[in-house]
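Here are some short notes for your reading of this model. Please keep the structure open while you go through the points.

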Amino acid sequence: MSSLISTDLVGLDEDLGGTSTDVIRTLAARVAASGRAGSADSLADDAIKREASVGTGVPGGIAIPHARSASVTEPTLAFSRLARTVGFGAPDGDADIVFMIAVPEGADGDHMTVLSTLARALIRDDFTAALRAAKTPADIVQLVDDEVSGEVAETRGATATSAAGATSASSSAADATGDGARRPKLVGVTACPTGIAHTFMAADALVAAAKRLGADLQIEPQGSGTVTPLDPAVIAEADAVIFAVDVDVRDQGRFAGKPVVRGPVKRGVDAPDAMVKEALAAAKDPNAARVGGTAGAAGTAAGSATEKQGFGSSLKRWLLTGVSYMIPFVAGGGLLLALGFLLSGYEIAGNAATVLTDYSLVNLPPEGLIYFLGAAAFQIGNLSMGFLVAALAGYIAYAIADRPGIAPGFVAGAVAVFMGAGFIGGLVGGLLAGFAAYWIGKPDVPRWLRGLMPVVIIPLLASIFASGLLVLVLGGPIAALTVALTDFLNGLSGTGAIVLGVILGLMMCIDLGGPVNKVAYSFAVAGLSAGSISDNPAPLMIMAAVMGAGMVPPLAMALASTVLYRKGFSQVERSNGTAAWLLGASFISEGAIPFAAADPLRVIPASMVGGAVTGAISMAAGVTSQAPHGGIFVFFAIGNLGMWALAIVAGTVVSAFVLVLLKKFARRGAAAGADASAEAAEAGSVVGQRSPVAA
């Protein structure tokens with residue numbers, strides 16, 4: 001295996017700029033210059049995107065920016081000891097020691113082992129002190145090689161406990177403290193999105209904290225390499241569980257019923273003592289939050305109703321889970337509806353079922369093959385859209401109660417449709433079904449009954465409770481509320497419609513595919529199936545406004561970076577801007593995320609202004625859309641296409657000009673420095689280094 005680091009990848013006591021973006025770009029350039037990455041810009045963009053999600057600074061003045069990148073050809077470390085410290089989001093201040101970890105998409109287990117070993121070493125005072133005392137780049141290389149040497153050989157042994165496996169705070173099999181009392185037993189899981197660094201640093205930090213506090217803790221780091229699961233017997237004996245994770249815990253059902261402390265993986269690095277203390281307290285508290293689900297189940301939703309995360313944040317997570325599972329039904333079904341309209345005309349909405357019943361491929365209707373295929377596309381799309389409310393309710397219930405909640409949730413959603421309660425009924429039904437399934441599954445039952453609980457008893461009783469409430473009590477009032485809301489939307493005109501368009505436009509652009517964006521999109525698609533050009537155009541108008549506004553941010557970024565103000569953007573941003581033309585035209589708002597991640601305080605406000613303009617014009621002009629997705633490629637499903645195009649162009653131009661003005665005149669702090677560097681690089685005054693994007 002080749003060395004992870006060499007002297008040409010090391011810099012000592014250097015000033016790499018004032019922002020984490022500056023440092024990352026310089027280190028990425030070193031990796032590329034060494035022949036270990038095909039593109040410095042691509043690697044830097046991947047690392048900057050990772051940095052934007054969660055800062056990679058850790059206590060002690062250390063930062064470990066890292067990324068998996070298709071541009072990386074072999075696992076590599078780049079190092080810098082900074083003369084000017086830079087903030088990477090650590091709780092105790094800026095970093096002066098930076099290790100950049102660059103990993104190819106298919107890194108092997110050996111490399112992942114040594115990388116995790118290095119990450120763990122960075123939380124040790126002796127190792128970081130040696131890095132700060134090193135005199136030459138060769139000293140740094142030697143320190144790293146000494147730290148990871150032999151690790152791969154050890155992990156290949158049959159009895160070795162690898163860095164990717166379980167980590168334990170207990171150095172012996174003894175369960176007792178010196179005075180004969182039983183030591184508290186804890187288990188835990190650590191996991192971060194890339195599974196390279198924080199996963200293992202958190203594991204070691206928590207284990208060390210448990211040892212200081214007199215507890216035995218065994219951790220299962222769920223990293224990118226091979227994961228060694230905790231022994232079920234160890235889990236069974238544990239008094240409490242610690243989840244320091246940014247992603248779902250694999251096979252969370254193994255821990256069902258245990259008191260739990262949950263937090264982001266970075267908290268496991270920054271505040272391990274606090275997490276262990278909370279776990280020890282939870283072990284003694286009969287009212288502590290507990291891991292949801294049924295013991296032995298393979299996989300659960302991320303969290304449950306039992307965990308004390310605050311009702312507001314939990315409710316948002318439950319609803320967004322339902323929406324995320326619902327959207328594929330909507331997108332696929334809606335595009336099939338639009339295709340049906342394209343092939344067979346709008347009248348197919350009332351004729352599709354009859355056409356498919358009376359005719360076939362060997363007995364075509366008088367209108368011909370294209371008409372028949374259009375009828376098929378429309379009917380399939382219509383059936384797919386019919387799952388909208390049921391899928392929403394089913395997966396809300398799943399988010400609350402895990403798999404036992406799915407069946408009662410789907411049934412409640414179907415009942416909501418039957419009662420005319422629509423989207424709101426689906427939300428209520430999903431919550432009712434989820435809570436019912438959770439509470440019914442909570443009590444301990446005899447062993448002979450446990451196997452029947454998740455597949456028979458919980459679905460039966462939860463369906464009776466949730467769907468019964470909808471049929472007998474709640475369905476009617478919710479249906480009346482839905483009708484009133486529909487009538488209100490149908491009655492909107494003039495100023496009212498424009499204001500709604502502005503609000504929807506702002507929501508679509510404020511977080512570019514995040515929770516607020518999804519709320520606006522879900523609101524639009526919820527009424528799409530009930531919309532009608534002649535009888536009920538309001539839902540179709542809302543859909544057009546939402547889709548148009550969602551197209552604005554990437555189109556505006558493309559216009560600003562490739563046409564209006566090229567020198568205000570780095571080469572990477574200009575490349576992203578070229579791609580953003582197509583992403584925006586396709587209604588993929590996430591095409592603006594690379595720009596927003598680098599410069600949120602200017603990109604987000606500019607996007608919101610343009611989105612509001614588009615939403616207002618679209619609603620004022622009465623533009624309609626019978627497709628929930630597709631952008632300009634579903635032009636045939638757009639009513640008043642010319643005004644819709646004008647609304648999008650107007651919003652794009654306004655947003656782009658606002659962004660250019662902000663970049664030229666709103667230059668404060670690091671953002672100003674980043675722009676100045678970008679302009680200097682464009683003029684050729686920065687040699688051998690790509691210009692940084694705004695931080």
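1. This is a predicted model. Start with helix α14 (residues 388-401) and helix α16 (residues 422-441): their axes come within 7 Å and cross at roughly 30°. Angles under 35 degrees count as roughly parallel, so α14 is roughly parallel to α16. The crossing of α14 past α16 is right-handed.

2. Which residues of α14 meet α16? On the α14 side they are Leu388, Val389, Leu392, Ala393, Ile396, Ala397, Ile400 and Ala401. Their partners in α16 include Gly422, Gly426, Gly430 and Gly434, and also Phe423, Leu427, Leu431 and Phe435. Ala433, Ala437 and Tyr438 of α16 take part in the contact too.

3. How many residues of this contact of α14 with α16 are nonpolar, polar or charged? The division is 15 nonpolar, 4 polar and no charged.

4. Two residues deserve a look for their backbone angles. Most residues other than glycine have a negative phi. Asp13, in strand β1 (residues 10-14), has a positive phi, near 50°.

5. Asn640 also has a positive phi, near 65°. Where is Asn640 placed? Asn640 sits in the loop between β13 (638-639) and α25 (641-665).

6. Is Asn640 buried, partly exposed or exposed? Buried means under 20% relative accessible area and exposed over 50%. Asn640 has 39% relative accessibility, so Asn640 counts as partly exposed.

Conventions
Residues numbered from 1 in each chain as written. Predicted model: local features only at pLDDT ≥ 70, side-chain atom pairs only at ≥ 80, totals over all residues. Heavy atoms only, no water. Helix = DSSP H or I, 4+ residues; strand = E, 2+ residues; numbered from the N terminus. Buried < 20%, exposed > 50% of the residue type's maximum accessible area, 1.4 Å probe, protein only. Axes fitted to C-alpha atoms, helices over the stretch in contact; angles between N-to-C directions. Parallel < 35°, antiparallel > 145°, perpendicular 65-115°, else oblique. Left-handed = near helix turned anticlockwise from the far one by under 90°. Contact = heavy atoms within 4.5 Å. Nonpolar A, V, L, I, M, F, W, Y, C, P; charged D, E, K, R; others polar.
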